[in-house]
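Let's work through some exercises together. Keep the sequence and the 3D view at hand as you read.

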Amino acid sequence: MAEYFVVSNSFAAPFFSDTDEQFVKGETPTNALEQFAKSYKHPCGLYAAVLYADANAYHRGGKPLAKWLCNHEL
């Protein structure tokens with residue numbers, strides 16, 4: 001399994017989103033992001049998440065490998 005870097009935002013709680021950064025593992029970028037979304041634990045729920053190859057790709061403005069948006073945003 002490969003390791004990826006995810007940046008996520010909760011729904012506004014109550015005025016702005018909580019942002020989280022962490023590493024996740026998965027067979028593919030999409031699989032890793034789906035597993036992350038299923039296991040996300042925040043009282044307000046997951047609003048959006050973006051998956052990168054690694055932390056350097058995120059911090060250097062690299063292109064995300066996968067994105068997850070809530071039904072409200074879609």
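A contact means heavy atoms within 4.5 Å. This is a predicted model, where local features need pLDDT of at least 70, side-chain atom pairs count only at pLDDT 80 or more, and totals for chains, interfaces and linings use all residues. Residues are numbered from 1 along each chain as its sequence is written, and side-chain values use heavy atoms, with hydrogens and water left out.

**Exercise 1.** Find where serine 8 lies and which residues serine 8 touches.

Step 1: Serine 8 sits in strand E1; strands (E, at least two residues) are DSSP runs, as are helices (H or I, at least four), numbered from the N terminus.
Step 2: Leaving out residues up to four places away in sequence, serine 8 touches Asp18, Thr19, Asp20, Phe36, Tyr40, Leu46, Ala48 and Ala49.

**Exercise 2.** Decide whether serine 8 is buried or exposed.

Step 1: Buried means under 20% relative accessible area, exposed over 50%, and partly exposed in between (1.4 Å probe, protein chains only).
Step 2: Serine 8 has 0% relative accessibility, so serine 8 counts as buried.

**Exercise 3.** Describe the aromatic pair of phenylalanine 11 and tyrosine 47.

Step 1: Rings of Phe, Tyr and Trp (its six-membered ring) pair if their centres lie within 6.5 Å; planes under 30 degrees apart are stacked, over 60 edge-to-face, and the rest tilted.
Step 2: Here the centres are 5.3 Å apart with 75° between the planes, an edge-to-face pair.
Step 3: Phenylalanine 11 is in the loop between E1 and strand E2 (19–26) and tyrosine 47 in strand E3, so the pair ties together parts 36 residues apart in sequence.
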